[in-house]
Amino acid sequence: MELSIVDLAPMPEDGTATEAFDHTVKRAQRAEQLGYSRFWVAEHHDFTDSVASTTPEVVIPYVAAKTDEIRVGSGTVLLNHYSPYKVAETFGVLDALEPGRIDLGLGRATGNPASDLALQPDRSQRRRTGDDQAEKIDEVASHFHDGFADDHPFGELEIPRSGDSAPEIWVHGSSPASAKIAGELGLPYCFAAFIRPEPAVQAFDTYREHFEPSPDGAGLEEPSGAIAVNMTCAETDAEAARLRATAEASSRLLRNGQVDRLPIRSVDRAIDVLGGVPDPTPTDIEPGEWPRHLSGDPETAREILEELTVQAGVDEVVIQSQHADPETTLRSHELLADAVGLEAR
């Protein structure tokens, strides 16, 4: 099993974005030492009290410059807000700066109406439907792999790049619809089980059903994917469940529209919001019943991840952690690496 990380740059209590990004770099450096495969940074808007990761294209080169081998990328660029050409230009430059190390994860999301509106060049539309997501992803890939016909308006455009490599393009999503896009474009697919876990297995079935090898070298010859999960690992199942409370309570407040009560940085406050310590995650998880938040000691965590990867038919897991205490996150990453037998660099 391969393990990777998607990082949110959580804001420390009474701290700054500078401190948040310092902790992100420390997690990336430790992940590299432990043998993690990738380190992705997220794109979130209008959660500045909770997370600092708004612009992965800025954080990626900072992290890459302070690490040596681990792949660094976006988890995800919200393509519904941007021009495919500009995204391709940006990641072409990143590839030129760090050849062979850059991942470009592409997805879509809408959030706060104010931030959605502020991100759009056409202010007459408060939201974009995303109906053109497949077309936009294909357009990004075409800029890197000469995918435009000679008479296409973009056929003469060139992207600054390293020469021999290109960013590895991933489709990110949490539904069979995004899986279908990834399959038809022949690109690797990452399912965000920490957002909407129930259709995970169905999504990968859809991905494989619709998979077509990429004809221009932009993607894959065979299906390949990963599941992204929220996982807390600690020395015991009970302690892991207790620490998991912060992520679970934050999700509950978001679902209930109680954003004014975020962020939750105290485990005790999280337990109060939940009305008690969460139950440990069982290891016998059925398809369609995946929990949004997972926890366990190293043995339990390994059993859970093995079960989920077998059900999804993948061999890579992307770990998201939502802990205010940076040391808690680092320790969780260390225990997980040991649990699945990662080979340290």
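In which helix do R242 and E239 both lie, and how many residues apart are they? Both lie in helix α8, which spans residues 237–255. They are 3 residues apart, about one turn of the helix. The two residues form a salt bridge, with the closest N and O atoms 3.0 Å apart. R242 counts as partly exposed because its relative accessibility is 27%. E239 counts as partly exposed as well, at 28% relative accessibility. The model described here is predicted.

D205 and R208 are 3 residues apart in α7, so about one helical turn separates them. An α-helix has 3.6 residues a turn, so residues three or four places apart point the same way. D205 has a relative accessibility of 43% and therefore counts as partly exposed. R208, at 33%, is also classed as partly exposed.

Other residues of α7 are covered. The helix runs over residues 200–209. Its buried residues are A200, V201, A203, F204, T206 and Y207. The cover over these residues includes two helices, α6 (176–185) and α10 (298–312). It also includes the strands β7 (189–192) and β8 (225–233).

Helix α6 is itself mostly covered, with 7 of its 10 residues buried. These are P176, S178, A179, I181, A182, G183 and L185. Among the elements that cover them are α5 (133–144) and α7. Strands β6 (168–173) and β7 also take part in this cover. After α6 comes G186, whose phi is positive, near 70°.

Strand pairing was examined around β1. This strand, residues 2–7, is mostly covered: 5 of its 6 residues are buried. β1 is joined to strand β10 (residues 316–320) by 5 bridges, and the two run parallel. Within this pairing, L3 has V317 of β10 as its bridge partner. β1 also pairs with β2, again in the parallel sense, over 3 bridges. There, D7 has V41 of β2 as its bridge partner. Between β1 and β2 the chain passes through helix α1 (residues 17–34). This β-α-β crossover is right-handed.

Salt bridges number 15 in the structure. One of them joins the side chains of R38 and E316, at 2.9 Å from N to O. R38 lies in strand β2 and E316 in strand β10, so the pair ties together parts that are 278 residues apart in sequence. Both residues are buried. R38 and E316 also belong to a network of salt bridges, in which they are linked with R71, D103 and E168. Side chains of opposite charge can pair when their charged atoms come close.

L336 counts as buried because its relative accessible area is 0%. Its contacts beyond the neighbours within four places in sequence are L3, Y36, M231, C233, A301, L305 and I319. E289 was compared with L336 by C-alpha position. The two residues are 47 places apart along the chain, and their C-alpha atoms are separated by 22 Å.

The surface carries a nonpolar patch formed by F47, L254 and V259. Together these residues have about 230 Å² of accessible area. F47 sits in the loop between β2 (38–41) and α2 (56–65). F47 counts as partly exposed because its relative accessibility is 31%.

Technical notes: Residues numbered from 1 in each chain as written. Predicted model: local features only at pLDDT ≥ 70, side-chain atom pairs only at ≥ 80, totals over all residues. Heavy atoms only, no water. Patch = residues over 30% accessible without salt bridge, like charges linked within 9 Å, V, L, I, M, F, W, Y side chains within 5 Å. Areas by Shrake-Rupley, 256 points an atom, 1.4 Å probe, with all protein chains shown as cover. Salt bridge = Lys/Arg side-chain N within 4 Å of Asp/Glu carboxyl O. Helix = DSSP H or I, 4+ residues; strand = E, 2+ residues; numbered from the N terminus. Buried < 20%, exposed > 50% of the residue type's maximum accessible area, 1.4 Å probe, protein only. Contact = heavy atoms within 4.5 Å. Pairing = 2+ DSSP bridges. Right-handed = clockwise from strand over helix to strand, strands pointing away.
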